Amino acid sequence: MFKFFRKKAKVYSKIENHIYGIITELLKVSSTDINVDELGGKYYLSNEEQHFKVTILSNDYVIRLTNTRDSVAEKYDKVFVEDVLKAVKEEKHRRMELVYDSITNSIEKMAERLHNTLIESNEQENQKVRRLQTKHTKDKKAN
């Protein structure tokens, strides 16, 4: 009765599975750069170490794979390209979170060091004030 509510399993062609595998493997490598032109609907992956580039044109559903010898661009099914883009966007987001966390940790450490420096400075000032007060009190008693 409720079969029509179940989501169908994604079935890709052999070439789509191969391309999806290439792109997900590229995304796993930290040396792969991810650049995005949201307005133009273009997504770029490039790995200079492996001499491999991927360009995804989301508006036209075209994926271009380029290595040192060949460059192939093909138009693919909308669902397939959207799934590829989802993987690219998730990895881009994950990397941005790592950078954000790193920056946040650096700021927290700097704030902690500044706080500790201020506390030490206040303690030194308080010690100077105490010395001056005791010196002033001794001078009064001596007179």
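1. Strands β1 (33-37) and β2 (residues 42-47) pair in the antiparallel sense over five bridges, where two strands are taken to pair if DSSP finds at least two bridges between them. Asp37 stands opposite Lys42 in β2. The two strands β1 and β2 form a hairpin with four residues between them, and Gly41 in that turn has a positive phi of about 70 degrees.

2. A word on the basis of these remarks: the model is predicted, so local features are given only at pLDDT of at least 70 and side-chain atom pairs only at pLDDT 80 or more, whereas totals for chains, interfaces and linings use all residues. Residues are numbered from 1 along each chain as its sequence is written, and side-chain values rest on heavy atoms, with hydrogens and water left out.

3. The protein chain holds two helices and five strands, which follow one another along the sequence in the pattern α-β-β-β-β-β-α. Here helices (H or I, at least four residues) and strands (E, at least two) are DSSP runs, numbered from the N terminus. Of the 143 residues of the protein chain, 22% count as buried; buried means under 20% relative accessible area, exposed means over 50%, and partly exposed lies in between, with a 1.4 Å probe and protein chains only.

4. The five strands make an open sheet in the order β1-β2-β3-β4-β5, with antiparallel pairing. Because β1 and β5 stand at the edges, each with a single partner strand, one side of each is left without a neighbour in the sheet. The twist averages 10 degrees from one strand to the next, the angles running from 0 to 180 degrees between N-to-C directions of axes that are lines fitted to C-alpha atoms, for helices over the stretch in contact. Further into the order, strand β3 (residues 52-57) is joined to β4 by five bridges, and these two strands run antiparallel; Lys53 stands opposite Thr66 in β4.

5. Two loop residues deserve a look at their backbone angles. Most residues other than glycine have a negative phi. His51, which is not a glycine, has a positive phi of about 50 degrees; His51 is placed in the loop between β2 and β3 and, at 49% relative accessibility, counts as partly exposed. Tyr61 likewise has a positive phi, near 60 degrees, in a residue other than glycine. Tyr61 lies in the loop between β3 and β4, and with 23% relative accessibility it counts as partly exposed.

6. How many salt bridges does a search of the whole structure find? The search finds three, a salt bridge being a side-chain nitrogen of Lys or Arg within 4 Å of a carboxyl oxygen of Asp or Glu. One of them joins Glu25 to Lys28, with the closest N and O atoms 3.1 Å apart. These two residues are three residues apart in helix α1, so they are separated by about one helical turn. Glu25 is partly exposed at 45% relative accessibility, while Lys28 is exposed at 60%.

7. In helix α2 (residues 78-142), Glu91, Arg94 and Arg95 are linked in a network of salt bridges. The closest N and O atoms are 2.8 Å apart between Arg94 and Glu91, and 2.9 Å apart between Arg95 and Glu91. Arg94 and Glu91 are three residues apart, whereas Arg95 and Glu91 are four residues apart, which means a separation of about one helical turn. Glu91 is buried, at 12% relative accessibility, and Arg95 is buried too, but Arg94 counts as partly exposed at 38%.

8. The largest pocket holds about 160 Å³ of space. On a 1 Å grid over the protein atoms alone, a pocket is an open set of points where a 1.4 Å probe fits, with protein on both sides within 12 Å along at least five of seven lines, and lining residues have an atom within 4 Å of a point; points are joined across faces, edges and corners, and the volume is the space filled by probe spheres set on them.

9. Which element gives the most to the lining of that pocket? Helix α1 does, with four residues, and α1 (14-28), β4 (62-66) and β5 (71-75) each supply at least two. Among the lining residues are Ile15, His18, Phe52, Asp70 and Tyr76. By class, the lining divides into seven nonpolar, four polar and one charged residue, with Ala, Val, Leu, Ile, Met, Phe, Trp, Tyr, Cys and Pro counted as nonpolar, Asp, Glu, Lys and Arg as charged, and the others, Gly among them, as polar.
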